[in-house]
Amino acid sequence: MALYHFHVTQIKRSRGHSAVASAAYRAGEKLHSERYGEYSDYTRKGGVIFSEILLSPQAPREYEDRETLWNAVEKAEKRPDAQLAYSFDFAFQNEFTLEENIDLARRFMEENFLSRGMTVDYAIHEPDREPGGIPNPHIHVMAPIRPINSDGTWGNKQKKIPVLDENGKRVWDEKYKRWRFTAVPTTDWGSPETLEEWRKNWCDLCNAKFEEKGLDVRIDWRSYERQGVDLLAQVHEGPAVRAMEKKGVRTNKGDYNRWVKATNAVLKSLREKIAGLLTWIKGAEEKLSEPEQPSLIEILMDYMEMQNTGAKNFSSYGRKKANLTTLKDVAEAVAYLQENDITTLGQLEEKLNGLREHVDGLGASMKEKAARRKILKEALGQVPVYKENLPIFREMGNRKYKFKSAKDKYKADHESELKLFYRARRILKEAGMPPEFSEETVEAWRKELAALQTDYDAEYTELKPLRDEQQKMSHIQYCVNRVIQQNDPSQQKQKTKSVDR
């Protein structure tokens with residue numbers, strides 16, 4: 001599975017921040033904001049290797065200039081908290097050349113963005129990396145949220161749809177003394193269904209390119225859960241964490257993702273090998289059924305005899321070493337069969353099914369604990385943010401802000417703090433915080449987190465003996481296959497032909 005990343009956010013106007021500044025940063029340019037009367041200079045920013053503006057058919061040609069385009073976007077928006085642009089970030093594939101990645105990205109934007117009437121400003125970044133580091137080429141795309149009309153003017157983001165009662169008549173709002181209406185977006189650019197379609201389309205383009213190049217690699221836009229893959233999900237590290245890890249500074253998120261990768265590798269390997277063994281048993285039972293299926297221990301003894309016979313062609317040292325190795329491996333396999341009272345392939349299959357259930361049970365339990373751990377870690381990280389911004393939120397309820405104009409001004413002046421507070425409050429609530437903040441709940445979370453860590457460390461330790469057990473079964477499989485091949489007439493004929501040649 002190759003790298004997949006397709007992230008979407010909205011760029012919102014806030015104090016000291018503009019679409020012009022965002023565009024300058026992504027393109028690595030110096031641009032002037034007419035609204036704020038200041039320059040955003042990112043000409044010294046490294047890693048920007050290409051940028052371009054792709055206009056929709058109805059867009060004025062002057063919007064090919066980046067500064068003109070984004071100042072026009074700013075001018076079209078009146079609200080102090082206006083949503084200005086969509087921001088799309090998606091990863092390029094290291095299996096493709098840079099030219100192939102750019103061609104794919106342009107095709108994707110033409111088929112999915114321009115075809116919908118969107119104008120896009122994109123920049124391609126390829127950050128420097130340490131020797132031996134993994135390349136991270138990616139693309140940043142900005143697209144105005146407000147559509148452009150056929151005459152080149154800015155259109156409306158929303159349209160008002162009257163609310164009707166069961167008789168089809170308009171509904172009057174007594175409180176606000178006006179007709180009720182519902183605001184509906186004029187485009188589908190921000191809908192979850194459209195985003196899902198875009199994610200899938202990007203994957204389809206990349207996967208078609210993988211197939212064209214003959215590469216056995218694919219990407220998938222769905223989560224593990226939606227794919228039906230029973231693996232633990234990693235957490236998003238973000239640029240700050242990746243930068244710290246790159247410098248050798250270990251982080252909580254980095255440590256967690258390393259643990260997840262190790263756990264997933266063990267679970268995936270165990271599941272694949274157990275599935276392979278179960279498939280093998282079906283075929284081996286048919287080959288050993290005539291005239292009468294011998295016990296597994298008898299087969300292992302036959303394998304031992306085969307090894308002794310074959311070792312006669314070695315030197316005395318080589319024969320002694322081969323016999324000791326074989327004797328040790330077979331003795332361990334026989335002991336395992338005797339300890340578990342296994343004599344037939346059918347009984348081995350039952351044991352394998354039990355092993356698979358054990359692995360699946362551990363995997364499900366670890367997945368559940370990992371999900372809860374992620375929630376708790378995020379919630380505990382938001383506790384100081386909540387506390388810091390709580391007074392600002394409470395101040396908004398002061399009587400001097402009872403009028404809408406005063407409250408709106410307060411909200412605009414403290415937009416960033418309130419945004420942090422609302423996000424922290426939502427995360428705490430999702431983790432189980434009561435309506436009133438409780439220090440007792442925070443302490444309970446810390447204890448729960450420590451218990452979770454202890455529990456899934458213990459479960460990870462349980463995986464090792466299961467892997468050892470699977471390896472014993474794989475050795476039994478190897479021995480049985482060798483005996484089957486030795487006694488198969490067709491195999492004997494093939495060996496004779498090889499000797500004659």
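Me: Which residues does N149 touch, not counting residues up to four places away in sequence?

Reply: N149 touches Q58, W154 and G155. The model is a predicted one, and N149 sits in the loop between β7 and β8.

Me: Why is N149 called partly exposed?

Reply: Its relative accessibility is 33%. Buried means under 20% and exposed means over 50%, so N149, at 33%, counts as partly exposed.

Me: What makes S56 count as buried?

Reply: S56 has 0% relative accessibility. The limit for buried is under 20%, so S56 counts as buried.

Me: Where is S56, and what is it in contact with?

Reply: S56 is in the loop between β4 (48–54) and α2 (66–76). Leaving aside neighbours within four places in sequence, S56 is in contact with R61, L114, G117, M118, T119 and I148.

Me: Why is D89 called buried, given a relative accessibility of 16%?

Reply: A residue is buried under 20%. D89 has 16%, so D89 counts as buried. This residue belongs to strand β5, which covers residues 83–91.

Me: What makes the pair D89 and H140 a polar contact?

Reply: The side chains of D89 and H140 are joined at 2.7 Å. A polar contact needs a pair of N or O atoms within 3.5 Å, one able to donate a hydrogen and the other to accept it. The pair at 2.7 Å is therefore within the cut-off.

Me: Which polar atoms does K157 meet, and at what distances?

Reply: The side chain of K157 makes a polar contact of 3.2 Å with the side chain of E77. A polar atom of the K157 side chain also lies 2.5 Å from the backbone oxygen of Q83. K157 is in the loop between β7 (138–144) and β8 (158–162). Apart from neighbours within four places in sequence, the residues in contact with K157 include I145, R146, P147 and V184.

Me: Why is R426 called partly exposed?

Reply: The relative accessible area of R426 is 43%. Partly exposed lies between buried, under 20%, and exposed, over 50%, so R426 at 43% is partly exposed. R426 is placed in helix α12 (residues 415–431). R426 and Q382 are 44 residues apart in sequence and 9.8 Å apart in space, C-alpha to C-alpha.

Me: How do helix α3 and helix α4 cross?

Reply: The axes of α3 (residues 98–112) and α4 (residues 192–212) come within 11 Å and cross at roughly 145°. The crossing is right-handed. On the α3 side the contact includes L104, A105 and F108, and on the α4 side W198, W202 and L205. The residues of this contact divide into seven nonpolar, two polar and three charged.

Me: What is the make-up of the protein chain in helices and strands, and what share of residues is buried?

Reply: The protein chain has 14 helices and eleven strands. Of its 501 residues, 37% are buried. The accessible surface comes to about 29,500 Å², and 50% of that belongs to carbon and sulfur atoms.

Note on methods: Residues numbered from 1 in each chain as written. Predicted model: local features only at pLDDT ≥ 70, side-chain atom pairs only at ≥ 80, totals over all residues. Heavy atoms only, no water. Helix = DSSP H or I, 4+ residues; strand = E, 2+ residues; numbered from the N terminus. Buried < 20%, exposed > 50% of the residue type's maximum accessible area, 1.4 Å probe, protein only. Axes fitted to C-alpha atoms, helices over the stretch in contact; angles between N-to-C directions. Left-handed = near helix turned anticlockwise from the far one by under 90°. Contact = heavy atoms within 4.5 Å. Nonpolar A, V, L, I, M, F, W, Y, C, P; charged D, E, K, R; others polar. Areas by Shrake-Rupley, 256 points an atom, 1.4 Å probe, with all protein chains shown as cover.
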